[in-house]
Each structure stands twice: as structure tokens, then as C-alpha cells.
Amino acid sequence: METQQQRDAVFISHATPGDNAFSVWLASRLALAGYNVWCDQEKLLGGEDFWKDIERVIRNQAAKMILVVSKNAFDAEGLLRDGIAKEVALADIMKKSLSDQYFLVPVRIDQTSFSNFPIDFIRLNGIDCQHNWADGLHRIIKVLERDDVARSRDPHPSISGWRDVHQELSKTISSVREKLQTNWLAVTAVPETLRFYEVQRELKQNELRSIASECALPCSDHGRLLVSFVDLTELQTALGPSVPISSRGTLKTDDFLIGETGDILGIAPRDAKNKISSLFRQAWDNTLRAKGLTPYEMANQKLAWWFPEGLVEDEQLRYTDFNGKPRKRAVRGTRGKKDGPDDTVIPRYYWHLGFTAKPYSTEVPYIAIQPRIIISEDGQAPLANKTRLNSVRRSVTSMWFNERWRGLILGFANWLADSEDEIKLAVSASEAIRLRKVPMTFDADFGITADPVNLETDDEELASFEASETHERLNDPAFRSLDENEDNDVDG
């Protein structure tokens with residue numbers, strides 16, 4: 001069996017650039033203390049980490065693996081990020097191979113709970129650095145000394161590399177102005193008049209809310225009234241003869257938002273904004289349903305609307321980027337392969353682009369849209385097991401850069417606008433909420449010079465690069481086996 005003395009590297013694993021400051025500080029201090037420190041410098045400098053390098057160091061060189069634990073280790077759904085999860089899994093393999101139960105050293109830098117990690121991880125004695133980095137460094141060195149990790153009397157030669165990292169990071173901020181793209185679609189027009197209606201029959205408890213939620217047109221309950229942008233005739237047709245209504249009055253939308261309701265039931269401005277946001281969400285859902293998108297209910301009960309096969313030409317969204325260059329982005333693809341009928345090979349999974357939306361009734365109202373990736377096995381029905389779906393989704397998108405996500409937002413907005421200047425969310429036969437199709441941008445006085453995205457890269461070059469990186473990861477024997485185990489560990 002391999003012995004600990006044959007190894008001398010201290011491997012530092014961190015989740016995202018949000019942990020750079022601590023990771024660089026710790027690495028340089030340990031190098032000054034005489035230890036051979038390995039940390040993914042490419043990730044620190046804004047590039048991509050490569051699994052072969054990580055696997056080689058963990059398998060063949062690392063005497064200890066220090067895992068920087070922070071909120072950045074988790075994605076938006078609260079699940080451990082794919083790269084960190086696999087590094088932890090590989091560390092567990094090496095812990096058993098080396099018979100060293102303390103091979104992995106968790107170091108916490110914020111209030112993140114260790115209980116969010118796998119059960120074997122919880123049993124480890126983590127080191128807490130959230131209040132005092134220097135005290136944490138002292139405890140880390142005590143662990144390395146206790147387990148006889150090799151060190152020299154003088155600073156390790158790797159300190160020169162960490163000096164270079166410090167210098168490069170200091171150069172990333174420049175005085176060149178930069179345009180920042182958001183995922184916010186500005187609301188440019190809202191129907192001026194809100195209409196209030198009374199139901200002309202006796203209502204059961206909570207029935208009014210059910211009537212509003214089941215209405216095919218944007219509608220909400222307000223006390224014992226219905227509120228909508230829709231006129232009486234059109235709303236009555238939508239509700240049907242079983243829900244007879246009469247007009248109770250109208251208000252200017254702007255007055256309602258600030259709580260000025262006249263003789264109509266009063267409302268606090270915050271609650272009024274929620275009512276208007278509800279009408280916005282309904283108009284959004286109705287528009288996307290009419291465009292042919294398919295709804296998927298996420299774990300937080302939000303609806304993600306995704307592209308079924310054949311909805312857009314050659315499964316590509318087309319748009320013009322901020323540099324005036326024509327671009328396109330795929331709405332559908334595959335991940336992995338498996339044996340099919342009659343000795344064929346078929347995709348193991350399909351991915352589908354989807355979007356969620358959240359309205360904001362601020363001084364400048366907008367709708368924030370967020371791209372979502374839905375996973376299916378047959379190209380039609382999303383995986384029923386959300387844990388499995390999220391696991392595959394992380395594998396699919398782990399090599400997607402910001403430029404790709406920005407392009408998906410631009411392409412989706414352009415498609416939704418039918419290549420016109422505005423997106424129209426119909427609230428009635430004659431009125432609509434209008435959105436600017438180009439996301440809101442801000443000009444920053446400073447920029448980042450080390451941005452790994454090359455704006456001159458064309459779609460073919462970007463697709464080729466992403467395909468080669470994905471191929472490398474999927475064919476890495478160590479991490480391919482971990483992927484397969486992960487799939488087998490969850491129910492279909």
C-alpha cells in the first residue's frame with residue numbers, strides 16, 4: 001500500500017472565485033511555512049479547472065487535502081456544487097487507500113454548517129476560520145505536524161508561484177469602462193386602468209381565490225372583489241355563466257400601487273405591488289404557454305417554461321449580441337450515451353432550456369428571467385426524481401461559461417419578442433404589458449482584464465471548445481465512475 005511519506009503536497013480545494021482571497025492567503029502562508037502547496041491556480045486566475053490535473057495531484061501527490069467550506073460550495077438549490085462534490089468523493093477514495101481518516105481537512109470560512117455535507121464528512125474535526133484566519137492557520141499547521149506532512153526549514157519554492165498569483169490578481173481590475181448585462185427585462189408599458197368586479201352570487205369560503213386562480217385571463221382576488229386589467233365583457237366570457245360579475249369601479253394602476261383606492265377596499269402599497277406582480281406572472285405564463293413552451297414545476301413551486309423538440313428552427317435561438325454580431329444558442333442537447341434497442345446507441349439524457357421569471361414592482365419595474373436546464377431521458381418527459389434531475393443538470397452545465405448564459409438570455413428574449421423591439425404579455429384582447437427585449441445594462445467605471453471569455457470567439461469555436469472539455473471530463477476514468485455511482489444511488 002502507498003505510504004503517506006511518499007507524498008508531500010498540501011492540496012487546497014475551493015469552490016468559486018468568491019473564496020479566492022482566503023485560498024491565496026492560506027496557500028502563501030503554508031508555503032512560507034515550508035509546505036509544498038497545490039491549489040488550482042487556473043481557477044484563481046479566472047480560468048477553468050481541469051480534472052486530470054486535479055485527479056493527478058490528489059491521487060499521486062497530496063498528503064492532505066484542505067477543503068475550503070463556505071456558502072459558495074452550494075448552488076442555488078442548496079446542493080453541493082458538482083466540482084466540489086467530486087473532489088470530496090475522490091478524497092474519500094484516497095482516505096481509504098492511504099488508511100488516513102484525516103486525509104481531508106475541512107476549513108470553514110463563514111457560517112456554513114458542516115451538516116450540509118455527506119455523513120462521513122460530518123465525522124471529521126473541521127477547523128473554523130470564520131472569525132480568525134491566523135488562529136485557523138495555527139490549527140492547520142498543528143494537524144500537518146501531527147501527521148508528519150513533509151516540510152522544509154525554508155519557505156517552499158512554490159512561494160514564487162503564489163507571489164505570481166497575487167500579482168496577477170492585482171492586475172485584474174482596470175480603469176477601462178465595462179458594460180454589465182443583467183437578466184432584467186424593463187417594463188415599458190402597463191395598462192393604465194385596473195378594473196374591480198363583484199361576483200353576483202353567494203360565495204363559499206376561499207372560493208373567490210379559486211375563481212381568480214382558475215381564470216384563463218390575468219385576475220386576482222382583492223377582499224370580496226376580483227381585480228383585473230380585463231373589461232367586463234371579456235372577463236365574463238372567460239369566467240363563464242356560473243360566475244356572474246358586475247363592475248365595482250376602476251382605478252388608475254399607478255394610484256393602486258401607492259394605496260390610493262378611493263371608495264374601493266383599501267390596500268397597503270406592499271400588498272398592492274404583490275397583486276400587480278401576480279397579474280404580471282399570469283400574463284407571463286399565458287404568453288409562454290401560447291408560444292408553445294412546456295411548464296415544469298420546480299422544487300420551490302415556481303414554473304420553468306422549457307422548449308420541447310421542434311419548437312424553434314434547428315433547435316437554435318438567434319440574436320445579435322452587444323457587439324452587433326449575429327449569434328445563436330441551442331435550446332436542446334444530449335448528455336452521455338447508452339445502449340438502445342436493436343444494438344443501437346442512444347442518448348442517455350436530453351437537456352432542455354427553460355426559464356423562470358419574477359416580476360419586481362420597483363421605481364423602474366422589471367421582470368427578472370433566469371435560465372433553467374430541464375433533464376429528460378426520452379426527450380419529452382422531465383425526470384420525476386428532482387434529486388437525480390439536479391445531479392445530471394450540474395454535470396451538463398459544469399463547463400458552461402458566463403458568455404453562454406448571457407447568450408441564452410439574449411436569444412430567449414429575442415425569440416419571445418418575435419424579433420421585434422418589445423415583448424408583449426397579453427392581459428386582454430386589446431392590452432398588454434410591454435417589456436424591452438434587450439436586458440437592462442449598467443456601465444461600470446472599472447472592468448476586469450482577466451475575463452476568460454473572448455468576445456471575438458465565434459459560435460463554432462466556442463462550441464468546439466465546450467465539446468472538447470466535456471469530452472475530456474466524461475472520459476476521465478476516475479470521475480466517470482463517480483458519475484455512474486451517483487446515478488445508481490438515486491431512484492428513477
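Is E422 buried, partly exposed or exposed? I found that E422 counts as partly exposed, at 26% relative accessibility; buried means under 20% relative accessible area, exposed over 50%, and partly exposed in between, with a 1.4 Å probe and protein chains only.

I noted that this is a predicted model, in which local features need pLDDT of at least 70 and side-chain atom pairs count only at pLDDT 80 or more, while totals for chains, interfaces and linings use all residues. Residues are numbered from 1 along each chain as its sequence is written, and side-chain values use heavy atoms, with hydrogens and water left out.

**Salt bridges**

I searched the whole structure and recorded 19 salt bridges (a side-chain nitrogen of Lys or Arg within 4 Å of a carboxyl oxygen of Asp or Glu). In one of them, R434 pairs with E422, and the closest N and O atoms are 3.5 Å apart. R434 lies in strand β21 and E422 in strand β20, so the pair ties together parts that are 12 residues apart in sequence (strands are DSSP runs of E, at least two residues; helices are runs of H or I, at least four; both are numbered from the N terminus). R434 is partly exposed, at 30%.

I next looked up R388, which forms a salt bridge with E377 at 3.0 Å between the closest N and O atoms. R388 is buried, at 12%, whereas E377 is partly exposed, at 34%.

I also checked R327 and D321, whose closest N and O atoms are 3.1 Å apart in a salt bridge. Both R327 and D321 are buried.
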